[in-house]
Amino acid sequence: MDLTEISNRIRSAEASAGRADGSVTLVAVSKKQPDERVAQVLEDGHRVFGENRVQEAQAKWPGFHDRFGRSALHLIGPLQSNKARDAMELFDVIQVLDRPKLARTIARLAQDLGQCPSLFIQVNTGAEDQKAGIAPGETDSFVRECRSLDLPVDGLMCIPPVYEEPALHFALLAKLAERNGLPNLSMGMSADFEAAIALGATHVRIGSALFGDRPTG
Ligand SMILES: *Cc1c(COP(=O)(O)O)cnc(C)c1O
């Protein structure tokens, strides 16, 4: 699907949910995609992208920024503390704040750099061992901890378990965000973004439906 088709589907999902036109931001997930596919979406006018690796983003985005002007970049993959400074310099939004140590590192670097990207806390809604994220039951206290560090926490993000009904996870994330006064919800990918919009997503992360399947290997 091209940008117009995806955007139309997002707009109609907003309308069906009784939500304002334009209230959902498409984060076009360009990880691992060939440069010409990304350039096409830039040419079509889109300027919000998601990457899951700091190094890969550092390699390709300066060139795209030069050619097309600045895009807003969201980090959606795990962040090691030793990459935090690089990530804070490149990304506008870090969606994967998932542990206290990373929060403290980002707080310290924010002092150094005099700036900090917008931060979303990743919640492990399915309590999966192999998945990053704060446990749902620890979210309230982690939000408080981040606020006490003066971090600009603006939202929550989740990646539901593959074999479960995603709507249950979206509803849980929405409840946690509301309870903590957080305005943004990053949830929904290629296969389930309309369900996520129905449950309040403000950011949908769409890769393969927009760019085509990611090349393997
Ligand atoms: C790759 C990725 C996506 C995009 O997945 P698609 O199914 O290709 O839309 C969304 N969110 C995260 C965290 C990802 O790593």
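Guide: Before we start, one definition: a residue is called buried under 20% relative accessible area, exposed over 50%, and partly exposed in between. Bear in mind too that this is a predicted model.

Visitor: Okay, so is Lys-32 buried, partly exposed or exposed?
Guide: You'll find Lys-32 in the loop between strand E1 (25-29) and H2. Its phi is near 60°, a positive value in a residue other than glycine. Its relative accessibility is 47%, and values between 20% and 50% fall in the middle class. So Lys-32 counts as partly exposed.

Visitor: And Asp-150, is that one buried or exposed?
Guide: Asp-150 sits in the loop between H6 and E6, and phi is positive here too, near 65°. The cut-off to pass is 50%. At 68% relative accessibility, Asp-150 is therefore exposed.

Visitor: What about Cys-158, buried or exposed?
Guide: Cys-158 belongs to the loop between strand E6 (153-157) and helix H7 (166-179). Beyond its neighbours within four places in sequence, Cys-158 has contacts that include Val-123, His-169, Phe-170 and Arg-205. Its relative accessible area is 0%, under the 20% limit, so Cys-158 is buried.

Visitor: How far apart are the end C-alpha atoms of helix H5?
Guide: H5 covers residues 100-113, which makes 14 residues. At 1.5 Å a residue, the helix should span 20 Å. The model agrees with that, as the end C-alpha atoms are apart by 20 Å.

Visitor: Which helices and strands do the buried residues of H5 pack against?
Guide: Among the buried residues of H5 are Leu-102, Ala-103 and Ile-106. As a group, the buried residues of H5 pack against helix H4 (84-90), strand E4 (93-97), strand E5 (118-122) and helix H6 (139-148).

Visitor: In the largest nonpolar core, which residues touch the most other members?
Guide: That core has 65 residues, and its largest share, six residues, comes from H5. In general, nonpolar side chains tend to be buried together in soluble globular proteins. The residues touching the most other members here are Leu-97 and Ile-121.

Visitor: Last one: is the crossing of H2 and H3 left-handed or right-handed?
Guide: Helix H2 (residues 35-43) and helix H3 (residues 54-68) pack at an angle of about 35°, with axes 11 Å apart. Residues that meet there include Val-38 and Leu-42 from H2 and Trp-61 and Phe-64 from H3. The contact divides into six nonpolar, no polar and four charged residues. As for the crossing, H2 and H3 make one that is right-handed.

How values were computed. Residues numbered from 1 in each chain as written. Predicted model: local features only at pLDDT ≥ 70, side-chain atom pairs only at ≥ 80, totals over all residues. Heavy atoms only, no water. Helix = DSSP H or I, 4+ residues; strand = E, 2+ residues; numbered from the N terminus. Expected span 1.5 Å × (residues − 1). Buried < 20%, exposed > 50% of the residue type's maximum accessible area, 1.4 Å probe, protein only. Contact = heavy atoms within 4.5 Å. Core = buried A, V, L, I, M, F, W, Y, C linked by side-chain atoms within 4.5 Å. Axes fitted to C-alpha atoms, helices over the stretch in contact; angles between N-to-C directions. Left-handed = near helix turned anticlockwise from the far one by under 90°. Nonpolar A, V, L, I, M, F, W, Y, C, P; charged D, E, K, R; others polar.
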